[in-house]
Amino acid sequence: MIRPNPFKICCSKCSFEKLIWFKSDALTDLDFKQVPDVCPKCGNTKFNRKAISIEEAMAKEHFDNMIQSFKNIFKKVFKG
Ligand SMILES: [Zn+2]
């Protein structure tokens, strides 16, 4: 399986940026939904694309997963 290279999209107006890293070369609708048309922060529609290294993407993905785990833990704690 070939995984396409990761890249970042950065809002040209504000500091919003998002890591785009498709899970495989077989792209689905879900993969394309990762890519926002409009900046969720300022509504700008112009994004700059920046290529990033696999290492950077993996670090970012790992970090995001960690944040998600923490969120899940907090959800559990505050529900009960
Ligand atoms: Zn923006």
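Student: Why is Phe63 called partly exposed?

Tutor: Phe63 has a relative accessible area of 46%. Buried means under 20%, exposed means over 50%, and partly exposed is in between, judged with a 1.4 Å probe and protein chains only. The value of 46% falls in between, so Phe63 counts as partly exposed. Before we go on: this is a predicted model, where local features need pLDDT of at least 70 and side-chain atom pairs count only at pLDDT 80 or more, while totals for chains, interfaces and linings use all residues. Residues are numbered from 1 along each chain as its sequence is written, and side-chain values use heavy atoms, leaving out hydrogens and water.

Student: What makes Cys11, Cys14, Cys39 and Cys42 donor residues of the zinc ion?

Tutor: The SG atoms of these four cysteines coordinate the zinc ion at 2.3 Å. Along the sequence, the spacing of the donor residues is C-x2-C-x24-C-x2-C. Cys14 lies in the loop between strand E1 (7-11) and strand E2 (17-20), and Cys42 in the loop between helix H1 (29-33) and strand E3 (47-51), so this pair ties together parts that are 28 residues apart in sequence.

Student: Why is the zinc site called tetrahedral?

Tutor: The angles among the 4 donor atoms are 104 to 115°. Four donors count as tetrahedral if all angles lie between 85 and 135 degrees, so the site of the zinc ion passes.

Student: Are these cysteines buried or exposed, or in between?

Tutor: Cys11 is buried at 6% relative accessibility. Cys14, at 25%, is partly exposed, and Cys42 counts as partly exposed at 39%.

Student: How many disulfides are there?

Tutor: The count is 0, where a disulfide is a pair of cysteine sulfur atoms within 2.5 Å.

Student: How do you know that Lys8 and Glu17 meet in a salt bridge?

Tutor: Their side chains are 3.6 Å apart, N to O. A salt bridge needs a side-chain nitrogen of Lys or Arg within 4 Å of a carboxyl oxygen of Asp or Glu, so 3.6 Å meets the rule. Lys8 is buried, at 14% relative accessible area, whereas Glu17 is partly exposed at 41%. Lys8 also meets Glu56 in a salt bridge, at 3.5 Å. That pair links distant parts of the chain, with Lys8 in strand E1 and Glu56 in helix H2, 48 residues apart.

Student: What other salt bridge is there, and how far apart are its closest N and O atoms?

Tutor: Asp64 pairs with Lys60 at 3.2 Å, and the structure holds 3 salt bridges. Asp64 and Lys60 both lie in helix H2, 4 residues apart, about one turn of the helix. Salt bridges with shared partners, meanwhile, join Lys8, Glu17 and Glu56 into one network.

Definitions and conventions
Donors = N, O, S within 2.8 Å, 3.2 Å for Na, K, Ca; no water. Tetrahedral: all angles 85-135°; square planar, octahedral: opposite > 155°, others 65-115°. Helix = DSSP H or I, 4+ residues; strand = E, 2+ residues; numbered from the N terminus.
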